[in-house]
Amino acid sequence: MNGNNQTLTVEALGKSYGMGAKQVPVLHGVDLAVGPGEFVALMGPSGAGKTTLLNCISGIDRPDAGSVVIGGEEVDYQVEANLTELRRHRLGMVFQFFNLVATLTVRENVGLPLLIAGDPEGFNAGRHFRRGRRTIRRAGLADPFHPSQGRR
Ligand SMILES: Nc1ncnc2c1ncn2[C@@H]1O[C@H](COP(=O)(O)OP(=O)(O)O)[C@@H](O)[C@H]1O
Ligand SMILES: [Mg+2]
């Protein structure tokens, strides 16, 4: 654990892909600190390991070495449920290919993670999708029924 006020601290992160003797190191000893409100762009040629680093930080993949601290809490990569909780409640990701559910409307796409995240008042699809609609309005977006390619 660290005592600083960084939003994100990455220390000595390592990740290789491959099996047995055929290991290809991708990340070796990556250190990174991001403060509150700081905007950071990660740049490098294709294949440099940008996606691998983001996947390891966000718990989509597991690093082989090093540590990641988010909001003062070290990420525990051993327990899948902790990674699910991290991705659901503590991180937001905008993917290059959006990963929207094509058969759902815009409102339903926004409401779905709210619904999965649970609600002390219990399951109520109408209420969750209304929350989805409010979230869309707050983001300054219109609410077309289905998103066109360009509006994603
Ligand atoms: N799941 C995987 N299995 C094996 N090799 C992988 C995997 N993911 C990425 N790699 C390899 O790791 C290296 C870094 O990839 P990546 O993190 O996607 O780079 P970037 O996002 O910077 O283009 C590349 O050589 C890629 O082929
Ligand atoms: Mg990439």
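A residue counts as near a molecule if its C-beta atom, placed from the backbone, lies within 6 Å of it. The model is predicted: local features need pLDDT of at least 70, side-chain atom pairs count only at pLDDT 80 or more, and totals for chains, interfaces and linings use all residues. Residues are numbered from 1 along each chain as its sequence is written, with chains lettered from A and ligands numbered from 1 in the order in which they are written.

**Exercise 1.** List the residues around ligand 1 and sort them by type.

Start with the list: Y17, V26, G44, S46, G47, A48, G49, K50, T51 and T52. Now sort: three are nonpolar, six polar and one charged. Here Ala, Val, Leu, Ile, Met, Phe, Trp, Tyr, Cys and Pro count as nonpolar, Asp, Glu, Lys and Arg as charged, and the others, Gly among them, as polar. Finally, helix α1 (residues 50-58) provides the largest share of this shell, three residues. Helices (H or I, at least four residues) and strands (E, at least two) are DSSP runs, numbered from the N terminus.

**Exercise 2.** Work out which strands pair with β3.

Two strands pair if DSSP finds at least two bridges between them. Take β1 (residues 8-19) to begin with: five antiparallel bridges link β1 to β3 (residues 65-70), and T9 sits opposite V69. Next comes β4 (residues 73-74), antiparallel to β3 with two bridges; V69 faces E74 there. Lastly, look at the turn: β3 and β4 make a hairpin with two residues between them, and G71 in that turn has a positive phi of about 55 degrees.
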